[in-house]
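Here is a friendly briefing to read alongside the model. Keep the 3D view open and look for each residue as it comes up.

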Amino acid sequence: MTAPIRENLSGLDLRAEIERLRKERNAVILAHYYQKPEIQDLADFVGDSLELSRKAAETDADVIAFCGVKFMAETAKILSPEKIVILPDMDAGCSLEDSCPPEQFKRFREKHPDHIALTYINCSAAVKALSDIIVTSSSAETIISQIPESQPIIFGPDRHLGGYLNRKFGREMLLWPGVCIVHEAFSETELIKLKAQHPGAPVAAHPECPAHIVDHADYVGSTSGILQFAKTFPGDTLIVATEPHIIHQMELALPEKTFIGAPGADGNCNCNICPYMALNTMEKLYIALRDLKPQIEMEEGLRLAARKSLDRMLEMASGTVGKGDLGTR
């Protein structure tokens, strides 16, 4: 467990200190769309996980400060082994990664030797190393469309994304039973009520949502795709079924429009805020940049094995990264 912050940082201008350390460390700061607005606002890049790692790899930075979750920072290290990669809170994990321990995934693969493994990027480096092709919510359709229907596929760890793809392509991929606790929390009953309160407002949903939420969506796509849809839909109100911190970017880009987060079970709970993403704070980012820890460390053999499955994805669908190509239903 990461030790709690015990220093007295009161009176410290955290934003100014982070700016100073960014220059001093020659650091690039990355923020996922699900980070708090104050972290998004100071980041060099805001985006989806793989998109951010690729942008960081293109910079001449010595340090990558990844404000996201652990598997995202691992991906940055896989693509930029020469850079120091820090994560403000090493306890910032992911329910999908937790649902798929490498040793269990390895045994599962061994039981199905005729299957190839398409694995969602929300997994550990060790699971990436056990996979054939990594997919993102932006690239999954493009990749599956290139795989013959006769080829059996294991899809993990997100059964909702896998189920969505099975329905859309008429496939029968074997699904690992993991879920995202954030997207699992949306309530169909409350969503129907919200749609009735805002007649004509479209719904944009992430494919990590269960089928009973996706079935109400006018657009299904990655966080980048949902943001792009927000910029192009013709109305003035959009209901958003993904982690609600993406709405910050929508409001910055389109202040004249109204964006409403899809509700949780009781209609107004905060259960759809990612508790892992919320572990990153300005205080922890400052300390991580100051001390250059916690750092992501990775054995080179593991890094290279994980890199193979990522490279395969980029060979098959490099143009989709950050594009959100799952599209409209």
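The largest nonpolar core has 110 residues. A nonpolar core here is a set of buried Ala, Val, Leu, Ile, Met, Phe, Trp, Tyr and Cys residues joined through side-chain atoms within 4.5 Å, and buried means under 20% relative accessible area with a 1.4 Å probe, counting protein chains only. This is a predicted model, in which local features need pLDDT of at least 70 and side-chain atom pairs count only at pLDDT 80 or more, while totals for chains, interfaces and linings use all residues. Residues are numbered from 1 along each chain as its sequence is written, and side-chain values use heavy atoms, with hydrogens and water left out.

**The core**
- The residues with the most contacts inside this core are Ile 29, Leu 118, Ile 143, Met 250 and Leu 289.
- Leu 289 touches several residues, including Ile 18, Leu 21, Ile 29 and Ile 86; contact means heavy atoms within 4.5 Å, and residues up to four places away in sequence are not counted.
- In soluble globular proteins, nonpolar side chains tend to be buried together.

- Helices (H or I, at least four residues) and strands (E, at least two) are DSSP runs, numbered from the N terminus.
- In strand E7 (residues 153–156), Ile 153 and Phe 155 point one way, Ile 154 and Gly 156 point the other way, and all are buried.
- In a regular strand the side chains alternate between the two faces of the sheet.
- E7 pairs in the parallel sense with strand E5 (residues 116–120) over 4 bridges, where pairing requires at least two bridges found by DSSP.
- Ile 116 stands opposite Ile 153 of E7.
- E7 also runs parallel to strand E8 (residues 174–175), joined by 2 bridges, and Phe 155 has Leu 175 in E8 as its bridge partner.
- A right-handed β-α-β unit is made by E7, helix H9 (residues 159–169) and E8; right-handed means that, with the strands pointing away from the viewer, the path from the first strand over the helix to the second runs clockwise.

**Three annotated cysteines**
- Which residues does the UniProt annotation "binding site" cover? The unreviewed entry gives Cys 94, Cys 180 and Cys 274.
- They are spread over 181 residues of sequence but cluster in space, with a largest C-alpha distance of 9.3 Å.
- Cys 180 lies in the loop between E8 and helix H10 (181–184), and counts as buried because its relative accessibility is 11%.
- Cys 274 sits in the loop between strand E12 (258–261) and helix H15 (282–291), and is buried because its relative accessible area is 10%.

Notes
Buried < 20%, exposed > 50% of the residue type's maximum accessible area, 1.4 Å probe, protein only. UniProt positions renumbered as here; feature names shortened; annotations may be inferred.
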